[in-house]
Amino acid sequence: MTISSQRPVRARAALAALGLLLALLGPERPVWASTDSIVVTMPTEGAVLSAAAPITVNWTSAPNGGAVGVKLQTPGLPTGFFITGNVPNTGQYTFTLPDSFPCDPQADYQVRVWRSLSGYAGVSGSFRIVCPLLITKQVVNTTGRPASGTFRMRVQCEPGSQTFADIAGSGQGSFTRKVHVPPGSTVCTVQETGMPLPPRGCNWLTTYPGGQQRAPGGPAVVVVNTLQCGPATPPGPRR
């Protein structure tokens, strides 16, 4: 056999050896791939989480160390809602969604965790978020007389649940409270059932400027309490 006739044989043998090596390495890890990786293990696929409660994210990372970023996104839309961009890569992080989070009870969400330096990322399974009902208490007191304490709200939601929420009002101002409601709640009605004892000669006027019913995840139910006082009673004659 001549040298020229041996070249095709050697070339075929080299290709076969390379194919065997790639098969051993596996189709998802060629020889030039990085070993950097992140796998998000929690939240799990199909989970139902509450926007009014802390959310815990678990992940595994190779290599460990460094820092990671965390955000919420909907499948196929990686822009999402930014949570943090620099937390220790310990494999766990717990956060609470702020009032500014645009919660959608019909949306599917995922948690995305990425390594701050390399950009490698992992994504959790899809889950739903039970949106809270927001109540905003506005206390109006222009009388100059002190009146503060706790306002109690009864929240009744369809198809059938009831809970109570207390909002502490200190003087005059606006106070917002997130109220956790059961999954599947469609519309909730807010009714004020208790308020601080007004000063002598005064009373509270309660109004609901936008109505008393809201769907969870929608705009806040606004409850306005205005302190009204009559003329001060002059002291009686001395005896």
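A disulfide is a pair of cysteine sulfur atoms within 2.5 Å. By this rule, three disulfides are counted in this structure, which is a predicted model. When the bonded cysteines of the protein are numbered in sequence order, the pairing reads 1-2, 3-4, 5-6.

**The link of C103 and C131**
- C103 is joined to C131 by a disulfide with an S to S distance of 1.9 Å.
- This pair links distant parts of the chain, 28 residues apart: C103 is in the loop between strand 6 (92-95) and strand 7 (110-115), and C131 is in the loop between strand 9 (128-130) and strand 10 (133-140).
- The torsion about the S-S bond of C103 and C131 is about -90°, so this disulfide is left-handed.
- C103 and C131 are both buried.

**The link of C157 and C188**
- A disulfide connects C157 with C188, with an S to S distance of 2.0 Å.
- Because C157 belongs to strand 11 (residues 149-157) and C188 to strand 14 (residues 188-194), the pair ties together parts that are 31 residues apart in sequence.
- The link of C157 and C188 is right-handed, with 105° about the S-S bond.
- Both C157 and C188 are buried.

**The link of C202 and C229**
- C202 and C229 form a disulfide, S to S 1.9 Å.
- C202 lies in strand 15 (residues 202-207) and C229 in strand 17 (residues 221-229), so the pair ties together parts that are 27 residues apart in sequence.
- The link of C202 and C229 is right-handed, with 105° about the S-S bond.
- C202 counts as buried at 11% relative accessibility, whereas C229 is partly exposed, with a relative accessible area of 28%.

Key. Residues are numbered from 1 along each chain as its sequence is written. This is a predicted model: local features need pLDDT of at least 70, side-chain atom pairs count only at pLDDT 80 or more; totals for chains, interfaces and linings use all residues. Side-chain values use heavy atoms; hydrogens and water are left out. Helices (H or I, at least four residues) and strands (E, at least two) are DSSP runs, numbered from the N terminus. Buried means under 20% relative accessible area, exposed over 50%, partly exposed in between (1.4 Å probe, protein chains only).
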